[in-house]
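Let's take a walk through this fold together, from its overall layout down to a few individual residues. Have the viewer open and follow along.

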Amino acid sequence: MTRTMRLADLPPAPGEETHASLALANSGGWGAGAEAVDLLGDPRRTTDWMVARGLAAPDADVQEYCSNRLRDFRGSVREVFDAAATHERPPASAIDAVNAAMKLAPAVECLVWSEPEGFLSVPAHPATQAVEYAMSAVAADVLALLTGEDTAVLARCAAPSCGRFLLRTHARRHWCSTRCGDRVRAARAYARRAGRE
Ligand SMILES: [Zn+2]
């Protein structure tokens, strides 16, 4: 009996709501089979993911190339998170990738006068730069997470085959979701039964 876990069906891991970088790290790119479902698997899904995270406007123009870039960047974010979670030195290339992304599209806004609202702050990014903007915003969030208080509670989900990261919002939290906790408990119970027979 193999129960497959569909990434798209999982609730966000603790911390994803406040950290876009955690959401990116958890968007796929590990495992095999159904668990390998990638929320950034193609330009359409990449656009949906960015729009849902508030990182792009719905008319964002995301090409295959952009989608690949964001997936590559995700690999670097996962490397620096792994380093933070295990207290080991990250590859220099991963840090370079974060810093390069930071400079892609500083999150500048334009001041716009609009009737009848008056002054508005509008993102100054053409639809074609959507991925640059998203990468820059995520990189800034990586910096904030890893140099702030949350870095102490950043962890990899303890369930085998789950590649998600989470913030351990309380000391006894080891899993990204109740589903991962249930899987681990079920596997332990099965191992105990098998051991007795
Ligand atoms: Zn998990």
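Read along the sequence, the protein chain runs α-α-α-α-β-β-α-β-β-α, which gives six helices and four strands. Here helices (H or I, at least four residues) and strands (E, at least two) are DSSP runs, numbered from the N terminus. Residues are numbered from 1 along each chain as its sequence is written. Please keep in mind that this is a predicted model, in which local features need pLDDT of at least 70 and side-chain atom pairs count only at pLDDT 80 or more, while totals for chains, interfaces and linings use all residues.

Next, the overall picture. The C-alpha trace spans about 75 × 35 × 30 Å along its principal axes. Of the 197 residues, 33% count as buried. A residue is called buried if 20 or more other C-beta atoms lie within 10 Å of its own, exposed if 12 or fewer do, and partly exposed in between, with C-beta atoms placed from the backbone. Two residues are in contact if their C-beta atoms, placed from the backbone, lie within 7 Å. Among contacts between residues at least 6 apart in sequence, 60% join residues at least 24 apart.

Now to the helices. Helix 2 covers residues 43-52, and its buried residues are Thr46, Thr47, Trp49 and Met50. Seen down the axis of helix 2, these residues fall within an arc of 165 degrees, so they line one face of the helix; the arc is that of the directions from the helix axis to the C-beta atoms. What covers them includes helix 3 and helix 5 (130-147). The face turned away from the buried side carries the exposed residues Arg44 and Ala52. After helix 2 comes glycine 54, whose phi is positive, near 75 degrees.

Helix 6 (residues 178-196) is hardly covered: the count of buried residues among its 19 residues is one. How far apart are the end C-alpha atoms of helix 6? They are 27 Å apart, which agrees with the 27 Å that its 19 residues should span at 1.5 Å a residue. The expected span is 1.5 Å times one less than the number of residues.

The backbone deserves a look too. Most residues other than glycine have a negative phi, and most peptide bonds are trans. Histidine 87 has a positive phi, near 55 degrees, and is found in the loop between helix 3 (64-86) and helix 4 (92-102). Histidine 87 is exposed, with 6 other C-beta atoms within 10 Å. Serine 161 has a positive phi as well, near 75 degrees, and its place is in the loop between strand 3 (154-156) and strand 4 (165-167). Is serine 161 exposed, partly exposed or buried? It is partly exposed, because 13 other C-beta atoms lie within 10 Å. The peptide bond from glutamate 115 to proline 116 is cis, with omega near 0 degrees. Proline 116 sits in the loop between strand 1 (109-114) and strand 2 (118-123).

Finally, find leucine 167 in strand 4. Leucine 167 counts as buried because it has 21 C-beta neighbours inside 10 Å. Leaving aside neighbours within four places in sequence, leucine 167 is in contact with Pro14, Gly15, Asp150, Val153 and Leu154. Leucine 167 and aspartate 42 are 125 residues apart in sequence and 28 Å apart in space, C-alpha to C-alpha.
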